[in-house]
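Please consult the sequence and the structure while reading.

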Amino acid sequence: QSLEDDMDILKGAYRTVQKTEDATELKKALTDMRAAAENAKTQTPDSLEGKAADSAEMKDYRAGLDTLIGQIDASKQLADAGDIAGAKAEAKKFADTRDANHKKFR
Ligand code: HEM
């Protein structure tokens, strides 16, 4: 599963997170997003090709994904507690993390 595959999964599942009011569907989409973000951490983006895994740039890249994973977990906790509106409000923050990291690494 390539980084592009991971990003395509993030895109599709994020759309579901934003659209759905169904708790089961919401939780599944968040779980799918988390797995894709975890897999993306094992990859090297084209923009960082040749950088060592422990380089500052690669650490910054993985930190961006950890920020997203933290937000996904916060949203999932709210969804698990039955707070669908809260989970969706938390999920609005994903877009800031996406945009900031796309500026740096895409
Ligand atoms: C909700 C969060 C995010 C969504 C929906 C998203 C979505 C996407 C999409 C649709 C693409 C284009 C994929 C393609 O070419 O087929 C992409 C590319 C990319 N994204 Fe994201 N992204 C998200 C978060 C992030 C984060 C947090 C990072 C890094 C920390 C990141 C790094 C990248 C990079 C590096 C590319 C270019 C892929 C390459 O180098 O081949 N994205 N993203």
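## Basis of the report

The structure is a predicted model. Residue numbers start from 1 along the chain, in the order in which the sequence is written.

## The pair α1 and α2

Helix α1 covers residues 3-19 and helix α2 covers residues 23-40; their axes come within 9 Å and cross at roughly 160 degrees. Angles over 145 degrees count as roughly antiparallel, and α1 is therefore roughly antiparallel to α2. The handedness of the crossing of α1 and α2 is left-handed.

On the α1 side, the contact is formed by Leu 3, Asp 6, Met 7, Ile 9, Leu 10, Ala 13, Tyr 14, Thr 16 and Val 17. On the α2 side, the residues met are Glu 25, Leu 26, Ala 29, Leu 30, Asp 32, Met 33, Ala 36, Ala 37, Asn 39 and Ala 40. Sorted by class, the contact of α1 with α2 comprises 14 nonpolar, two polar and three charged residues.

## The nonpolar core

The largest nonpolar core contains 26 residues. Within this core, the residues with the most contacts are Tyr 14, Val 17, Leu 26, Leu 30, Met 33, Tyr 61 and Phe 94. At least two residues of the core come from each of α1, α2, α3 (56-80), α4 (84-91) and α5 (94-105).

Val 17 belongs to the α1 side of the contact with α2 and is also among the core residues with the most contacts. When residues up to four places away in sequence are not counted, Val 17 touches Leu 26, Ala 29, Leu 30, Met 33, Lys 88 and Ala 91.

## Helix α4

How much of α4 is covered? The helix is mostly covered, with six of its eight residues buried. These buried residues are Ile 84, Gly 86, Ala 87, Lys 88, Glu 90 and Ala 91. They pack against α1, α2, α3 and α5.

Ala 85 also lies in α4. Is Ala 85 buried or exposed? Residues over 50% relative accessible area count as exposed, and Ala 85 is exposed because its relative accessible area is 60%. Ala 85 and Glu 21 are 64 residues apart in sequence, while their C-alpha atoms are 8.4 Å apart in space.

## The pair α3 and α5

The axes of α3 and α5 come within 10 Å and cross at roughly 170 degrees. This angle makes α3 roughly antiparallel to α5.

From α3, the contact involves Glu 57, Asp 60, Tyr 61, Gly 64, Thr 67, Leu 68, Gln 71, Ile 72 and Ser 75. From α5, the residues involved are Phe 94, Thr 97, Asn 101, Lys 104 and Phe 105. By class, the contact of α3 with α5 has five nonpolar, six polar and three charged residues. Tyr 61 and Phe 94, which take part in this contact, are also among the residues with the most contacts inside the largest nonpolar core.

## Exposed and partly exposed residues

Arg 106 is placed in the segment after α5. Arg 106 counts as exposed because its relative accessibility is 77%. Apart from neighbours within four places in sequence, Arg 106 is in contact with Ser 47 and Asn 101. Arg 106 and Ser 47 are separated by 59 residues in sequence and by 6.5 Å in space, C-alpha to C-alpha.

Lys 103 is found in helix α5 and, at 76% relative accessibility, counts as exposed. The C-alpha atoms of Lys 103 and Leu 10 are separated by 17 Å, and the two residues are 93 residues apart along the chain.

Ala 63, in helix α3, is partly exposed, with a relative accessible area of 36%. Ala 63 and Ala 81 are 18 residues apart in sequence and 27 Å apart in space, C-alpha to C-alpha.

Conventions
This is a predicted model: local features need pLDDT of at least 70, side-chain atom pairs count only at pLDDT 80 or more; totals for chains, interfaces and linings use all residues. Side-chain values use heavy atoms; hydrogens and water are left out. Axes are lines fitted to C-alpha atoms, for helices over the stretch in contact, and angles run from 0 to 180 degrees between N-to-C directions. Helices (H or I, at least four residues) and strands (E, at least two) are DSSP runs, numbered from the N terminus. Angles under 35 degrees count as roughly parallel, over 145 as roughly antiparallel, 65 to 115 as roughly perpendicular and the rest as oblique. A crossing is left-handed if the near helix is turned anticlockwise from the far one by less than a right angle, and right-handed if clockwise. Contact means heavy atoms within 4.5 Å. Ala, Val, Leu, Ile, Met, Phe, Trp, Tyr, Cys and Pro count as nonpolar, Asp, Glu, Lys and Arg as charged, and the others, Gly among them, as polar. A nonpolar core is a set of buried Ala, Val, Leu, Ile, Met, Phe, Trp, Tyr and Cys residues joined through side-chain atoms within 4.5 Å. Buried means under 20% relative accessible area, exposed over 50%, partly exposed in between (1.4 Å probe, protein chains only).
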